[in-house]
Amino acid sequence: MEIIKQMITSVSSDKRILVLLVAWCFGGFMEGMAGFGTAIAIPASMLVALGFEPLFSCLVCLIANGVPTPFGSIGIPTVTLANLVGLENAQLAFTQTLQLAPFMLLCPFLIVMATGKGVKAFKGVTAVTLVSGLSFLIPQMIVAKFVGAELCVIVGSVCSLLCTILLGSKVKPNPEYEMKLETAEKITVKKAFTAWSPFIFIFIFLLSTSKLVAPVNTYLSQFASTATIYTGENPSTMTFTWINTPGVWIFLSAILGGLIQKATFRDFKVVFIATIKQMSQTIITMLCVLGCAKIMGYAGMIASIASFAIAVTESFYPFFAPWIGCLGTFVTGSGTSSGVLFGAVQESAAQSLNANPYWIVALNSLGVAAGKMLSPQSIAIALSSVDGQGQDSKLLSKILPYGVAFIIAMSFVAYFGQKFF
């Protein structure tokens, strides 16, 4: 991580460029690769180490972290949601990206404006800011359409990182926003490859086993087991894929990357045990939430909730659909949990309204993007990474206007967008 930080921050001494690179580009990459708060904690701590104020560092990372969340941790929120409601992964991911598009273009501008405390901060970096957003959005949209949710944010963030570095390095630092940075040691190609190796392996494995490489994908898909979970009315089956699933490839990439970085068996053991301990509560929570959602669906509770919501809002339901996804993420701190809890409600509502199920279900993930930046869990993670415990109310007061503005704008996108989809 130290080498990666040096590579990113050696591009420019302009505060605006640095914040874009760390919070938006690298933060998006970390969300796509790992999720679970790492995309807030690591970039925020990097910014503080560079000399930025702790609360400011948390604020820009929270703004940047919202829109990639539906595709975080190798697309787990979207893949889980698609499997739960029986929709096709790639089509759902593409629909979500369409809905998020205006906000993905807006986020880099908000980050730069927060850095410079106003619109004057755009002077000299407007083109870089626009390209940073476009180079994230367009590749993400293409990958979502043809590959699926797993790699779209990863590819988008990497493209954005490269384009922002290319243009940002040509921008002459504005004295008003210039920072004095320590001269870092020269990083060789070997050192760079060693540092990035786990991520490179993840990218190669996931791309080469995706539907883009049909023979490999088809062959590996046969290694699966099917089990009947529910035997009542409308019974359903669950398919467990033993090899061609993102978790397996991430695990293998970690091992190969660790070997390249000369990690010992003891290193692997210590990190593995520490990770299990750290994620144990999250694992238990996710299993319980999934089980609860399934029982709610089989018992008819989901259909009842959807019927009530439609009876109250009628044809205006799409306007309020993102609020449901936002609430789920605000309470749980997880885009995946929000989808599991309310994805079936959105799908049931789509059936009742005779609306496009992909559009309505995707609205849940649209709301997730706003809920993530406002979630107490996200705020706590951000503050803990910069030793800012106890300043939750201050950070909430700073991020609240952004979150409220996002969810209101998302409601209009949801309602008027359905007419064209």
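Good morning. Please keep in mind throughout that the structure before you is a predicted model.

What does the side chain of E176 meet? It meets the side chain of K120 in a salt bridge, at 3.3 Å from N to O. The two partners come from distant parts of the chain, 56 residues apart. E176 sits in the loop between helix 8 and helix 9 (189-208), whereas K120 sits in the loop between helix 6 (89-116) and helix 7 (126-146). K120 has a relative accessible area of 48%, so K120 is partly exposed as well.

Are D14 and R16 buried or exposed? Both D14 and R16 are buried.

Let me now turn to the domains. The protein is divided into domain 1, which covers 1-174 and 376-420, and domain 2, which covers 188-244. Their C-alpha centres lie 26 Å apart. In terms of contacts, 15 residues of domain 1 touch 12 residues of domain 2.

The size of an interface is often given as the accessible area lost when the parts come together. Here domain 1 and domain 2 bury about 1200 Å² between them, and 88% of that area is on carbon and sulfur atoms. Which three residues supply more than any other three of the area that domain 1 buries against domain 2? They are M33, V147 and L151, which supply 36% of it.

What of charged and polar pairing between the two domains? The count of salt bridges between domain 1 and domain 2 is zero. The count of residue pairs in polar contact between them, with both residues at pLDDT 80 or more, is also zero.

Three helices each supply at least two residues of the side of domain 1 that touches domain 2: helix 1 (2-9), helix 2 (15-33) and helix 8 (149-168). Helix 8 gives the largest share, four residues. Sorted by class, that side of domain 1 has 14 nonpolar residues, no polar residues and one charged residue.

The side chain of S132 makes a polar contact with the side chain of T164, at 3.0 Å. Setting aside neighbours within four places in sequence, S132 is in contact with L20, W24, C25, S160 and T164.

The other topic is Q391, placed in the loop between helix 17 (376-385) and helix 18 (392-417). Is Q391 buried or partly exposed? Its relative accessibility is 26%, so Q391 counts as partly exposed. Q391 touches L55 and L383, if residues up to four places away in sequence are not counted. From C-alpha to C-alpha, Q391 and I379 are 9.3 Å apart in space, and they are 12 residues apart in sequence.

Thank you for your attention.

Definitions and conventions
Residues are numbered from 1 along each chain as its sequence is written. This is a predicted model: local features need pLDDT of at least 70, side-chain atom pairs count only at pLDDT 80 or more; totals for chains, interfaces and linings use all residues. Side-chain values use heavy atoms; hydrogens and water are left out. Domain bounds come from an automatic or database domain assignment. Contact means heavy atoms within 4.5 Å. Buried area is the accessible area (1.4 Å probe) that two parts lose on being put together, summed over both. A salt bridge is a side-chain nitrogen of Lys or Arg within 4 Å of a carboxyl oxygen of Asp or Glu. A polar contact is a pair of N or O atoms within 3.5 Å; within protein, one must be able to donate a hydrogen and the other to accept it, and residues adjacent in sequence count only if both atoms are side-chain atoms. Ala, Val, Leu, Ile, Met, Phe, Trp, Tyr, Cys and Pro count as nonpolar, Asp, Glu, Lys and Arg as charged, and the others, Gly among them, as polar. Buried means under 20% relative accessible area, exposed over 50%, partly exposed in between (1.4 Å probe, protein chains only).
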